[in-house]
Amino acid sequence: MALNNSRKIETPSQVVILEAAGIYKSYVNQTGAKADTQATTVLENIQLQIHDGEFVAILGPSGSGKSTLLRILSGLIPSSRGEIRYHGQTVSGPNSHVAIVFQTFALFPWLTVLENVELGLESQPEISKTQRMKKSLNVIDLIGLDGFEDAYPKELSGGMRQRVGFARALVVEPEILFMDEPFSALDVLTAGNLRTELMRLWRERKIPTKSIVMVTHNIEESVLMADKIVVMGHDPGRVRAVLPGIAIQERGKKSPESEALIDLVYTIITQPDEDADEIIAARMQKSAPAQKSAVKTSRSYQFLPHIQISTLNGLAELIARRGGKEDLSVLGRELQMEIDDLLPLVEAFEILGFGEATEGDLILTAEGQRLAEGSELEDKEIFREQALRYVELIRMIQQMLDKDARREVGEDAILSKLQEYFTEDEARRQLDTAVSWGRYAELFAYDNESGLLYLEDTAPAQEQ
Amino acid sequence: MAQIYLPERTDIESRAQRPPVPNLPNSKNTQNQQRYLKRSDTLVIVLLVGVTALIIAGASRATVHTRSVTISLSPFILPLYAGYSLLRMIVAYIISLVFTLVYGHIAATNKTAQRFMIPILDILQSIPILSFLPSVVLTLVALFPHSSIGVELAAAILIFTSQAWNMTFSFYHSASTIPAELQEAAVIYRLSPWRRFLKLEVAYSMIGLIWNSMMSWAGGWFFLVAAEQLTLGSQSYQLPGLGSYIQVAANQGNITAMAYGLFTLVAMIVLLDILLWRPIVAWADKFKFEMAKSTETPSSPVLDLLQRSRTLETMQIKIIRPTQDFLSALLDKLFPAQKPAGNSPRSPRQTVSLDKIAGWIVTAALICAGIIGLFQAARLLMQVRPVEWLALLGMDSLTLLRTFLAMAISFVWAVPAGTAIGMNPNLSRRLQPIVQVVASIPATALFPIILLLALQLPAGINVAAIILMLLGTQWYVLFNVIAGAMAIPTDLREAAQNFHVVGWRRWKVLIFPAIFPYLVTGMITASGGAWNASIVAEYVQFGGKTFIAPGLGSSIAQAAASGSIPILLASTLLMAATVVTINRLVWRRLYKLAERRFTLA
């Protein structure tokens with residue numbers, strides 16, 4: 001009973017349903033009146049195949065363009081270069097064989113559950129009104145929403161709302177089901193419950209959908225659900241590794257296979273500058289830890305993760321208590337942090353020289369130990385030293401301040417410099433992070449009103 | 001220019017937190033239930049008959065009418081006059097709504113058109129509308145010399161110009177801020193264009209649209225009263241209606257008739273609120289774009305009655321639903337959903353929609369109109385001598401002084417009163433409905449009465465002018481302050497209490513910063529309103545005499561009366577320029593400051 005319907009038992013089909021061939025996506029930065037416009041690349045040379053019968057998870061940290069990729073695959077937005085092929089044929093525009101389940105559910109609050117579900121069928125004139133109603137009620141039944149047909153979304157709990165999202169997607173009987181972080185807005189238990197039910201429908205073939213593509217930043221989730229895990233990296237968004245999932249029988253247990261895969265994914269993701277293939281190869285041979293490649297993929301400008309200092313201190317203290325070393329997947333599970341939360345922290349540790357991520361572990365450096373043990377004042381001292389030594393942006397601001405006769409710099413000057421490397425919004429966030437770090441380290445002060453950075457002892461002759 | 005400061009969409013309703021409506025007896029007794037049904041059916045039928053009668057009466061009158069109308073002061077004719085006035089409002093409102101939906105939709109969906117359309121809207125709403133009334137009336141009367149259609153049209157256009165802008169802004173703003181995922185869902189589930197428009201754009205904008213409609217409707221009364229009785233030089237144009245009734249009564253010094261007229265006006269406004277706006281607000285609650293179930297939902301006994309009515313239910317099944325089905329089938333035929341991409345390769349070029357073409361046509365038409373208008377304006381302005389310009393500038397500063405005084409008075413009484421009402425739930429429950437009724441009386445209707453009293457004083461017209469400006473504007477300040485005071489978080493108030501922040505320090509630390517964004521919004525609206533009101537306030541014909549308070553408003557009115565178009569244009573432009581300049585220099589800066597520093601996140 002448990003085995004007769006599972007897809008993995010069948011020979012995996014080699015029919016490619018959807019394919020991304022050399023997809024690039026870039027946005028043009030319009031920096032004011034300047035003639036030279038710069039393009040920020042969000043996706044670089046994406047190759048991806050989605051086969052019949054396959055559940056694909058696209059996994060990556062924020063900024064890796066995974067949601068953008070999903071939208072390009074579904075035809076919602078055009079790519080800058082490259083092709084999307086559906087059954088071997090190049091397509092453009094919204095693909096009508098695709099349905100999407102959205103992160104925020106994207107339900108119409110003014111329509112009832114039934115009306116929301118019927119929405120996708122209304123565009124098919126060949127389906128009569130009674131058929132439409134019948135189909136919708138069937139799906140509502142299937143997804144466990146019966147009794148709620150006439151309720152408005154706001155009357156439902158988060159989990160029930162996402163069920164409506166699923167029902168709306170499934171009623172159009174899509175060939176491919178796309179899911180954009182479908183469980184990330186739900187609490188842990190609700191998400192688990194909904195996941196199990198979806199997997200049951202999928203495995204028992206209660207739904208005619210041929211393949212599912214899910215964007216997620218939850219590593220456990222991808223290992224639990226997917227037949228294929230596509231790991232993406234950022235700056236620019238690219239595919240770093242395509243890993244086969246584990247056998248369906250092994251999922252959801254503390255089996256060595258699943259633990260190993262989770263650990264491998266953590267290792268790949270927390271070492272964004274390493275070659276993923278080398279990491280995998282090192283794992284396969286069970287050999288010594290992969291040597292850090294001498295030449296890191298050079299980034300145009302150091303990217304500051306947007307991390308609060310108190311979080312950084314807190315994590316340093318926690319790891320120090322554990323003996324200066326802790327497994328990242330353990331940390332993630334224990335602190336209820338998904339990689340979108342954990343990865344920036346790890347990056348901050350590495351940038352500031354407080355810790356290093358190797359083999360899926362976070363290890364404190366001597367400075368990290370000092371940070372964990374120090375008093376509030378000592379912490380500031382250590383942080384200031386490290387920030388001045390390693391953080392490019394803070395160094396740059398410091399130099400600009402030193403050069404200025406009045407010891408002050410307008411933020412516009414810094415922003416325009418940052419915009420050579422980042423989008424307008426990201427440049428703003430980079431500056432905000434640098435300001436928050438610099439303020440903590442008492443390196444410089446900042447006046448939000450005038451947007452002026454200045455050295456503390458020479459406060460600008462402004463109000464306050 | 002928002003009329004009530006809205007920190008979030010969901011806060012819209014907090015402005016007028018309606019008093020809790022007593023619940024209908026929820027008896028399980030079926031007999032009781034049945035009696036309810038009957039009563040509600042009677043109500044529905046009466047309403048249907050009433051509306052039909054109104055429309056027929058309006059239509060028949062249009063053909064019989066000649067220009068010289070005499071306004072009867074008999075109280076028995078008041079219901080008919082009220083009907084005429086209401087009909088005018090309805091027509092103007094429908095025009096405003098259609099304009100709003102078309103203009104807002106194009107501006108929100110067409111990037112090219114948007115670049116022209118939004119600044120144009122911004123300019124249109126800064127122009128003192130009343131100054132155009134005389135010229136509009138003259139033109140339209142000339143176009144339809146033998147009927148009252150010209151004057152009727154002029155009234156409709158005037159009311160339209162007082163209603164449309166804020167509604168359009170609200171709709172445009174909502175329609176262009178629809179969450180991305182909802183838009184994507186609409187694309188992926190292939191909503192046809194008209195479904196997208198109704199189920200996404202209009203639905204998403206519904207709440208803002210309704211609140212702005214209510215504001216526009218209130219503003220409409222103000223201009224309706226001004227538009228029904230017009231004196232241009234030696235000629236006077238009258239439309240039978242409540243506004244003209246009140247004015248004629250005031251002119252003749254007939255206090256009893258004035259009281260009748262005012263009472264009817266207030267009664268109609270209150271009835272409309274109960275029978276129309278409250279049910280609509282209660283019904284529209286489902287359009288609120290929030291996922292949390294709010295604790296307090298607006299309710300309306302009238303809506304409950306309607307929803308329980310059997311007659312309506314039968315109508316719904318027999319007439320409305322089939323009509324809906326027919327219409328949607330028709331619309332589906334007319335505007336089919338986009339062809340699915342699927343297997344067939346499709347070039348994105350084909351998606352150039354009707355919207356885009358319509359946008360281009362509108363843009364082109366606007367540009368042409370603009371060029372012609374500019375040419376004409378330049379020709380006229382050349383005729384204004386420098387001395388006259390200087391004189392106008394002097395007048396401008398006098399009106400500036402008056403608006404400043406009116407705003408200062410509003411500030412002085414409305415801030416303490418509004419704070420008191422807003423911070424005390426008991427007081428606000430009791431006073432809000434009263435304040436709303438008082439505020440809903442259009443200042444123009446009260447003006448004759450104020451004149452009657454103020455003209456006894458020395459420099460009476462000056463006092464009267466300031467009072468009229470005040471009447472038209474103080475409510476914006478008051479309502480905003482009430483909304484602001486109600487929005488002060490309890491924990492902040494408790495913290496202030498805990499640290500013994502009292503007296504002046506309480507104002508400085510807690511109240512002023514918290515209500516500041518609301519206050520600025522109220523003052524912006526009030527400022528614009530005061531300038532506009534100056535045109536009717538500074539130049540008054542009353543009891544056969546003309547009273548003039550020197551100022552830009554009276555310059556406009558005089559120029560219109562004497563038919564000197566160049567001066568009229570020059571003074572109107574000067575007023576618009578002044579309003580825009582003050583907005584940019586003072587209000588917009590204060591508003592930015594409010595958003596940056598004093599927003600309770």
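## The three-stranded sheet of chain A

In this predicted model, three strands of chain A form an open, antiparallel sheet in the order E11-E13-E12. The edges are taken by strand E11 (325–327) and strand E12 (355–358) of chain A; each has a single partner strand, so one side of each is left without a neighbour in the sheet. From one strand to the next, the twist averages 20 degrees.

E12(A) is joined by four bridges to strand E13 (residues 361–364) of chain A, and the two run antiparallel. Within this pair, Gly355(A) stands opposite Leu364(A) in E13(A). Two helices pack on the sheet. Helix H9 (residues 309–321) of chain A touches E11 and E13 of chain A, and its direction makes about 90 degrees with that of E13(A). Helix H11 (residues 339–351) of chain A touches E12 and E13 of chain A, its direction making about 125 degrees with that of E12(A).

## The six-stranded sheet of chain A

Another open sheet in chain A is formed by six strands in the order E6-E7-E8-E3-E9-E10, with mixed pairing. Strand E6 (98–101) and strand E10 (238–244) of chain A stand at its edges; because each has a single partner strand, one side of each is left without a neighbour in the sheet. The twist averages 20 degrees from one strand to the next.

Strand E3 (residues 55–59) of chain A runs parallel to strand E8 (residues 211–216) of chain A, and five bridges join the two. Leu59(A) is placed opposite Thr216(A) in E8(A). Helix H1 (residues 66–74) of chain A lies across E3, E6, strand E7 (176–180), E8 and strand E9 (228–233) of chain A, and runs at about 155 degrees to E7(A).

## Chain A as a whole

Chain A contains 16 helices and 16 strands. Of its 464 residues, 55% are buried. Among the contacts in chain A with a separation of 6 or more, 69% are between residues 24 or more positions apart.

## Nonpolar cores

The largest nonpolar core has 274 residues, and those with the most contacts inside it are Leu243(A), Leu312(A), Phe383(A), Ile414(A) and Trp437(A). Helix H7 (residues 193–228) of chain B supplies the largest share of this core, 18 residues. A second, separate core has 12 residues, including Tyr103(B), Ile106(B), Ala107(B) and Met117(B). In soluble globular proteins, nonpolar side chains tend to be buried together.

Leu312(A) illustrates the contacts of one such residue. Leaving aside residues up to four places away in sequence, Leu312(A) touches Ile307(A), Leu345(A), Ala348(A), Phe349(A), Leu352(A), Phe354(A), Leu371(A) and Phe383(A).

Helix H18 (residues 503–537) of chain B spans only 38 Å between its end C-alpha atoms, whereas a straight helix of 35 residues would span 51 Å at 1.5 Å a residue. H18(B) bends by about 55 degrees at Phe516(B), with a proline, Pro517(B), following within four residues.

Gln316(B) lies in helix H11 (residues 310–334) of chain B. Its relative accessibility is 31%; since buried means under 20% and exposed over 50%, Gln316(B) counts as partly exposed. Not counting residues up to four places away in sequence, Gln316(B) touches Arg321(B) and Pro322(B).

Definitions and conventions
Residues are numbered from 1 along each chain as its sequence is written. Chains are lettered from A and ligands numbered from 1 in the order in which they are written. This is a predicted model: local features need pLDDT of at least 70, side-chain atom pairs count only at pLDDT 80 or more; totals for chains, interfaces and linings use all residues. Side-chain values use heavy atoms; hydrogens and water are left out. A nonpolar core is a set of buried Ala, Val, Leu, Ile, Met, Phe, Trp, Tyr and Cys residues joined through side-chain atoms within 4.5 Å. Buried means under 20% relative accessible area, exposed over 50%, partly exposed in between (1.4 Å probe, protein chains only). Contact means heavy atoms within 4.5 Å. Two strands pair if DSSP finds at least two bridges between them. Axes are lines fitted to C-alpha atoms, for helices over the stretch in contact, and angles run from 0 to 180 degrees between N-to-C directions. The expected span of a helix is 1.5 Å times one less than its number of residues. The bend at a residue is the angle between axes fitted to the seven residues ending there and the seven starting there.
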